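Colleague: I would like to learn how to read a model like this one, feature by feature. Could you take me through it, starting with one residue and its surroundings?

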Amino acid sequence: MVADLFKALADPTRRTILDELAEKSGQTLFEICSRLSVKHQLGISRQGVSQHLAVLEAAGLVETRREGRYKFHDLNTAPLRQITERWLVPDPPGPEENAP
């Protein structure tokens, strides 16, 4: 699972998609494609964006939900918290905490 997460984060286009979902979660594929094209000048096909979303979903960073004909994509930050907590080291005690 961690390998999938790092693979997903390694690609700059996928990081841009995550940035867009962080700004506005619950977007359709059409909305994501439009924002990537207009805001970031990325000339990527719908198929390409869909493949990037599949990688992000496999890594657990994107969750999808269907409402009627539409499929919405939401950012899930839980996997990011898991990897940051894995290597967090507690702060060393300050000088006042060492005093007898």
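Modeller: Let us start with contacts beyond the local sequence: once neighbours within four places in sequence are set aside, threonine 13 is in contact with Leu42, Ile44 and His52. Keep in mind throughout that this is a predicted model.

Colleague: Where does threonine 13 sit, and is threonine 13 buried or exposed?

Modeller: Threonine 13 belongs to helix 2, and because its relative accessible area is 17%, under the 20% limit, threonine 13 counts as buried.

Colleague: How should I read the helix as a whole, and what span does helix 2 reach from its first C-alpha to its last?

Modeller: One compares the span with the value expected at 1.5 Å a residue: helix 2, residues 12–23, has 12 residues and reaches 17 Å, which is close to the expected 16 Å.

Colleague: Which residues of helix 2 are buried, and what covers them?

Modeller: The buried residues are Thr13, Arg14, Thr16, Ile17, Leu18, Glu20 and Leu21. Their cover includes helix 1 (2–10), helix 3 (29–40) and helix 4 (46–58), together with strand 1 (62–67) and strand 2 (70–75).

Colleague: How do I read pairs of charged side chains?

Modeller: The general idea is that side chains of opposite charge can pair when their charged atoms come close. In this structure there are seven salt bridges. One of them joins glutamate 23 and lysine 39, whose closest N and O atoms are 2.7 Å apart. This pair links distant parts of the chain, with glutamate 23 in helix 2 and lysine 39 in helix 3, 16 residues apart.

Colleague: How accessible are glutamate 23 and lysine 39, and which residues form a network of salt bridges?

Modeller: Glutamate 23, with a relative accessible area of 53%, is exposed, whereas lysine 39, with 40%, is partly exposed. Both residues belong to a network of salt bridges that links Glu20, Glu23, Arg35 and Lys39.

Colleague: Which partner does lysine 24 meet in a salt bridge, and which partner does arginine 65 have?

Modeller: The side chain of lysine 24 meets that of glutamate 31 in a salt bridge, at 3.1 Å from N to O; glutamate 31 is partly exposed at 26% relative accessible area, and lysine 24 is partly exposed at 34%. Arginine 65 forms a salt bridge with glutamate 67, the closest N and O atoms being 2.6 Å apart. Here arginine 65 counts as partly exposed at 34% relative accessibility, and glutamate 67 is partly exposed with a relative accessible area of 44%.

Colleague: How far apart in space are aspartate 4 and alanine 58, C-alpha to C-alpha?

Modeller: Separation in sequence and separation in space have to be read side by side. Aspartate 4 and alanine 58 are 54 residues apart in sequence and 7.2 Å apart in space, C-alpha to C-alpha, while glutamate 85 and leucine 36 are 49 residues apart in sequence and 31 Å apart in space. Aspartate 4, in helix 1, touches Ala58 and Ala59 when residues up to four places away in sequence are not counted. Glutamate 85 is found in helix 5 and counts as exposed at 54% relative accessibility.

Colleague: What about the backbone and the surface: what is phi of glutamine 41 near, and which residues make a nonpolar surface patch?

Modeller: Phi of glutamine 41 is near 55°, a positive value in a residue other than glycine; glutamine 41 is placed in the loop between helix 3 and helix 4 and counts as exposed at 62% relative accessibility. As for the surface, Val2, Phe6 and Trp87 make a nonpolar patch of about 290 Å², and tryptophan 87 lies in helix 5, residues 78–87.

Methods:
Residues are numbered from 1 along each chain as its sequence is written. This is a predicted model: local features need pLDDT of at least 70, side-chain atom pairs count only at pLDDT 80 or more; totals for chains, interfaces and linings use all residues. Side-chain values use heavy atoms; hydrogens and water are left out. Helices (H or I, at least four residues) and strands (E, at least two) are DSSP runs, numbered from the N terminus. The expected span of a helix is 1.5 Å times one less than its number of residues. Buried means under 20% relative accessible area, exposed over 50%, partly exposed in between (1.4 Å probe, protein chains only). Contact means heavy atoms within 4.5 Å. Patches are made of residues with over 30% relative accessible area and no salt bridge: like charges are joined within 9 Å, nonpolar side chains (Val, Leu, Ile, Met, Phe, Trp, Tyr) within 5 Å. Accessible areas come from the Shrake-Rupley method with a 1.4 Å probe; for residues, only the protein chains shown count as cover. A salt bridge is a side-chain nitrogen of Lys or Arg within 4 Å of a carboxyl oxygen of Asp or Glu.
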